[in-house]
Amino acid sequence: MENLLPNSDKDFIGNLIPQRFPFVMVGGLLEYSENHLISEFVIKEDNIFVNENTFQASGLIEHQAQSVALHTGYKYFLLGKESPTGYIGAIKSFEAEILPQIGDVLKSEATIINEMMGVTLVEIITKINDKVIAKSQMKTVVK
């Protein structure tokens, strides 16, 4: 399959992840390699994780997990296969320095540390304007 990056086409991104509106927390795929991905997401007022103009920590965790799902989905796309369904198996660590506001653009860099038998250990760093706002390490599992 052809490499179509960067890409923020809503339908294309939607086909790479199992989540559906209003639960989609990724809006763009900027960079991809076998062990790396950079995703993008704009915080909008109608987002289900926004409370009093602030994107909640639970939304950040979901955005980071969906960034990992986006990596897996794009890998399957390149192989000509349908994207698998997955879920968070464990959150080893999560730290948020600040919570994003409406209009902020999140850029998350996911680095695959280890992948074995459908379980992926990944480190994710989320930034706004090149400033780190959140870090996590989690395991995701593909069904």
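1. Helices (H or I, at least four residues) and strands (E, at least two) are DSSP runs, numbered from the N terminus. By that rule, Gln66 has its place in helix H2, which covers residues 57-78. The model is a predicted one, in which local features need pLDDT of at least 70, side-chain atom pairs count only at pLDDT 80 or more, and totals for chains, interfaces and linings use all residues. Residues are numbered from 1 along each chain as its sequence is written, and side-chain values use heavy atoms, with hydrogens and water left out.

2. Is Gln66 buried or exposed? Gln66 counts as buried because its relative accessibility is 0%, where buried means under 20% relative accessible area and exposed over 50%, with partly exposed in between (1.4 Å probe, protein chains only). A polar atom of the Gln66 side chain lies 2.7 Å from the backbone oxygen of Phe23. Leaving aside neighbours within four places in sequence, Gln66 is in contact (heavy atoms within 4.5 Å) with Ile17, Gln19, Phe23, Val24, Met25 and Val26.

3. Asn47 is found in the loop between S2 and strand S3 (50-51), and this residue counts as buried because its relative accessibility is 10%. A polar atom of the Asn47 side chain lies 2.7 Å from the backbone nitrogen of Phe49. When residues up to four places away in sequence are not counted, Asn47 touches Met25, Phe41 and Phe55.

Note on methods:
A polar contact is a pair of N or O atoms within 3.5 Å; within protein, one must be able to donate a hydrogen and the other to accept it, and residues adjacent in sequence count only if both atoms are side-chain atoms.
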